[in-house]
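Here are my notes on the model you sent. They are in numbered points, beginning with a feature of the surface.

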Amino acid sequence: TMLELTVAAGLLGMVFLVTIPLLSRVRDTREEVQRRFIAQQEAANLMERLALRAAVGTLNSAVTRGMPVSPEASAVLPEVNVSVTREEQTDDVGNVRVTVAVSWLNNAGERTAPVSLDAWFAASEQHPEEQP
């Protein structure tokens, strides 16, 4: 009857009112996970480029000048920021620890916790292009 249809429509409306915010949160979470995955891939790609530079002896200049971000990552990660740091290890071997950190702005406009990767490279002697 008409009363049963009204009650059913009211219940269905309440279900939609509960479901819409939930779907919105799921979408936001999915986008953030996708951005974090892309940032992780970008950090890995940058670390591979640094490893190639370490193999040819230009690691110091790559760290001091910074590394460019790919256009694909720039399109997905708003206000992307990449930092590359280098630390000398204090042991006898003298290995070099390089950290690549990628951060961006989230939907609320706040800087996210960075995705970072560390790698250890064997210390090499300075090449003529890197000497002060």
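1. Leu3, Val7, Leu11 and Met14 make up a nonpolar patch on the surface of this predicted model. Together the four residues have about 430 Å² of accessible area. Val7, one of them, belongs to helix 1, which covers residues 2-56. Its relative accessible area is 47%, so Val7 counts as partly exposed, since exposed would require over 50%.

2. Helix 1 also has buried residues: Arg35, Ile38, Ala39, Glu42, Ala43, Leu46, Met47 and Leu50. The list includes Arg35 and Glu42.

3. The length of helix 1 agrees with expectation, because 55 residues at 1.5 Å a residue should span 81 Å, and the end C-alpha atoms are 81 Å apart. After helix 1 comes Gly57, with a positive phi near 90°.

4. With neighbours within four places in sequence left aside, Ser103 contacts Glu79, Val80, Asn81, Arg111, Thr112 and Pro114.

5. On the overall layout, the protein contains three helices and three strands, and their order from the N terminus is α-α-α-β-β-β. Of the contacts with a separation of 6 or more, 52% are between residues 24 or more positions apart.

6. Of the 132 residues in the protein, 27% are buried. The accessible surface is about 9100 Å², and carbon and sulfur atoms account for 60% of that surface.

How values were computed:
Residues are numbered from 1 along each chain as its sequence is written. This is a predicted model: local features need pLDDT of at least 70, side-chain atom pairs count only at pLDDT 80 or more; totals for chains, interfaces and linings use all residues. Side-chain values use heavy atoms; hydrogens and water are left out. Patches are made of residues with over 30% relative accessible area and no salt bridge: like charges are joined within 9 Å, nonpolar side chains (Val, Leu, Ile, Met, Phe, Trp, Tyr) within 5 Å. Accessible areas come from the Shrake-Rupley method with a 1.4 Å probe; for residues, only the protein chains shown count as cover. A salt bridge is a side-chain nitrogen of Lys or Arg within 4 Å of a carboxyl oxygen of Asp or Glu. Helices (H or I, at least four residues) and strands (E, at least two) are DSSP runs, numbered from the N terminus. Buried means under 20% relative accessible area, exposed over 50%, partly exposed in between (1.4 Å probe, protein chains only). The expected span of a helix is 1.5 Å times one less than its number of residues. Contact means heavy atoms within 4.5 Å.
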